[in-house]
Amino acid sequence: MSKVIVPTEKWVGLYADIANYILEYASSDPVVMEDNNGSLVYTPEKQDEFESLVDDVENIMSGYLTKGEI
């Protein structure tokens, strides 16, 4: 099976969107908090979960897609 090549910028956007969706969908606790600058950021616990999800999502994506430039 030939894999579709996805440009790196789109690859990152795709895994980030999917991981964020899973995190928000599966979380009963707050996912974000306001930092000292007034920006919304993941809570420390959710940041760790997001990073773990990113690894899982990238592994799944690698089975079907190839990261690189077209």
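Analyst: Buried here means under 20% relative accessible area, exposed means over 50%, and partly exposed is in between (1.4 Å probe, protein chains only). This is a predicted model, where local features need pLDDT of at least 70, side-chain atom pairs count only at pLDDT 80 or more, and totals for chains, interfaces and linings use all residues. Residues are numbered from 1 along each chain as its sequence is written, and side-chain values use heavy atoms, with hydrogens and water left out.

Let's start with Thr-43. With a relative accessible area of 11%, Thr-43 is buried. You'll find Thr-43 in the loop between strand 3 (40-42) and helix 2 (44-62); helices (H or I, at least four residues) and strands (E, at least two) are DSSP runs, numbered from the N terminus. Setting aside neighbours within four places in sequence, Thr-43 is in contact (heavy atoms within 4.5 Å) with Pro-30, Val-31, Val-32 and Met-33.

Now step into helix 2, where Lys-46 and Glu-49 lie three residues apart, about one turn of the helix. These two form a salt bridge, with their closest N and O atoms 3.3 Å apart. The term covers a side-chain nitrogen of Lys or Arg within 4 Å of a carboxyl oxygen of Asp or Glu. Searching the whole structure turns up one salt bridge. As for its two ends, Lys-46 counts as buried at 6% relative accessibility, whereas Glu-49 is partly exposed at 36%.
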